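Hi,

Here is the structure we talked about.

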Amino acid sequence: MRKKLKALLLCAGYGTRLRPLTLTKPKCLVEVSGTPLLKRWLLELERIGVDEVLINTHYLADKIREFVDNWESKNLKVKLTYEKKLLGTAGTLIKNKSFFKDSTCLFLHADNYTNYDMNLLLKAHEKRDKKCYITMLIFKSFEPEKCGVVELDSNNIVTRFHEKVINPPSDLASGAIFVFDYKFFNFLNLLKPRPKDFSKDVIPNLLGKVQSCYTSSVFIDIGTPENLKKANLLV
């Protein structure tokens, strides 16, 4: 019997850089080629065999709930968790630890667009170096100064991480998509103070223990009107 596969899909952000579009629509429901980003992700997670997905909400949460209430799937169960106050990416993950018990875990942001086959990331995690706790999807960025960029060793293990720095030493960026096993929470529980942001508070404590998985597929952060336009042109 295979281990369950569960995902946390982050959807709570304000999407301020996409205003005025996001004044009445949460960023995860912004459409690329007529299809909301959230729908694209749910379809992909269903396709790769995810059993259950948890979506965190905050800004315009009622719009996301309405979308999920109309979501129909026999294979993928969708749950919502509302945050009255934003917990941060790591904070959300830790709060919902029990959701992932005895499962392989996927952790991702709904505001990214990619045509990448997520099955490849799962396979990379299975083959990761034994000393690595998690596997991170990375891609080549044309704007690395706006990303979290990584430096790798000869085994493609992350040795350094730079979050949005001037003149970054690499153009290999984190896609902010991670795979890990439930026991990774044991490591998270040891971090003091309690981490809030996954990239800023967790990754720097994991150097040498993060396996990278590179993709040359399209990968775009739908955080600005320019990137949204770029994604629509590519689909």
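There are zero disulfides in the structure, a disulfide being a pair of cysteine sulfur atoms within 2.5 Å. Cys-28 is in none, and the nearest cysteine sulfur, in Cys-11, sits 3.9 Å away. For Cys-132 the closest one is in Cys-213, at 12 Å, so that is too far for a bond. Cys-28 is buried, with a relative accessible area of 3%, and Cys-132 is buried too, at 2% (buried means under 20% relative accessible area, with a 1.4 Å probe and protein chains only).

Keep in mind that this is a predicted model: local features need pLDDT of at least 70, side-chain atom pairs count only at pLDDT 80 or more, and totals for chains, interfaces and linings use all residues. Numbering runs from 1 along each chain as its sequence is written, and side-chain values use heavy atoms, leaving out hydrogens and water.

Next, Asp-111, in the loop between β6 (103–109) and β7 (112–114) (strands are DSSP E runs of at least two residues, numbered from the N terminus). Asp-111 counts as buried, at 16% relative accessibility. Leaving aside residues up to four places away in sequence, Asp-111 touches Lys-27, Leu-37, Ile-220, Asp-221 and Ile-222 (heavy atoms within 4.5 Å). With Lys-27 there is also a side chain to side chain polar contact at 2.8 Å (N or O atoms within 3.5 Å, one able to donate a hydrogen and the other to accept it; residues adjacent in sequence count only if both atoms are side-chain atoms).

Cheers

How values were computed:
Helices (H or I, at least four residues) and strands (E, at least two) are DSSP runs, numbered from the N terminus. Buried means under 20% relative accessible area, exposed over 50%, partly exposed in between (1.4 Å probe, protein chains only).
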